[in-house]
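Colleague: I have the file open and a few things to ask. Can we go through the rings and the packing?

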Amino acid sequence: MPNPLRTTVFDTLLLAAFALIPIAISIFWLQGLSLRLDEAQSLWQTSRSPEALINVIARDVHVPLYHLVLHTWRELSDSVEFARILSLVFFLLTIPATYALGKISYSRTVGLFAALLLALSPFMNWYGNEIRMYTLFVLLATLNQYFFIRIFQQQDTASWILFYLTAALGVFAHSVFVLRM
């Protein structure tokens, strides 16, 4: 009989090791890239007051959650590298969320494998280093799906509340979030 505490500690250490992959990719390959047009747009939009930012975004195709979070994040530091770290943080948070989704859906092994595949994904590593909303979108979609499955497995009120909360946040993170529900 496996020791649950030992398994939890092992899984946590493995997920931390998986997180080192995108961190290394970010530091050694992607962080030094020049500013791209979409990133410049995100920086330009978030350089305003929250009210002006909402006004600019209302005339654009984007929704406001990521831009409001980025606006607040940029108050800590206004460098391009620091702005890119926000997307990396969302990406890193998606790794354990993917593990949890795989574990609750299938098994611990599937969760670990899915988390590893996510950490190695060139697509996710690219967007984990771009000043755009995509990693926030993936994080919220993963959490939303996790709570959806938990509703059927545990049938608790907390799962319903967290499902609707992540859905509401997802709709304000990316306009196509509603299509994945």
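Colleague: Is W160 buried, exposed or partly exposed?

Modeller: W160 is partly exposed, with a relative accessible area of 41%. Buried means under 20% relative accessible area, exposed over 50%, and partly exposed in between, with a 1.4 Å probe and protein chains only. Keep in mind that this is a predicted model: local features need pLDDT of at least 70, side-chain atom pairs count only at pLDDT 80 or more, and totals for chains, interfaces and linings use all residues. Residues are numbered from 1 along each chain as its sequence is written, and side-chain values use heavy atoms, with hydrogens and water left out.

Colleague: How many aromatic pairs are there in the whole structure?

Modeller: The search finds 10 aromatic pairs. Rings of Phe, Tyr and Trp (its six-membered ring) pair if their centres lie within 6.5 Å; planes under 30 degrees apart count as stacked, over 60 as edge-to-face and the rest as tilted.

Colleague: Why do W160 and Y164 count as stacked?

Modeller: Their ring centres are 5.9 Å apart and the planes are at 25 degrees, so the pair is stacked. Both residues lie in helix α9 (residues 157-171), 4 residues apart, which is about one turn of the helix. Helices are DSSP runs (H or I, at least four residues), and strands (E) need at least two; both are numbered from the N terminus.

Colleague: And what sort of pair do F163 and Y164 form?

Modeller: That one is edge-to-face, at 5.3 Å centre to centre and 70 degrees between the planes. F163 is buried, with a relative accessible area of 11%. Ring pairs link F148, F152, W160, F163 and Y164 into a cluster.

Colleague: Which residues of α9 are buried?

Modeller: S159, F163, T166, A167 and G170 are buried. The face turned away from the buried side carries the exposed residues T157 and I161. What covers the buried residues includes α8 (134-154).

Colleague: New topic. Which residues have the most contacts inside the largest nonpolar core?

Modeller: Y66, L70 and L136, in a core of 20 residues. Such a core is a set of buried Ala, Val, Leu, Ile, Met, Phe, Trp, Tyr and Cys residues joined through side-chain atoms within 4.5 Å. A second, separate core of 12 residues includes F91, Y99, L112 and L118.

Note on methods
Contact means heavy atoms within 4.5 Å.
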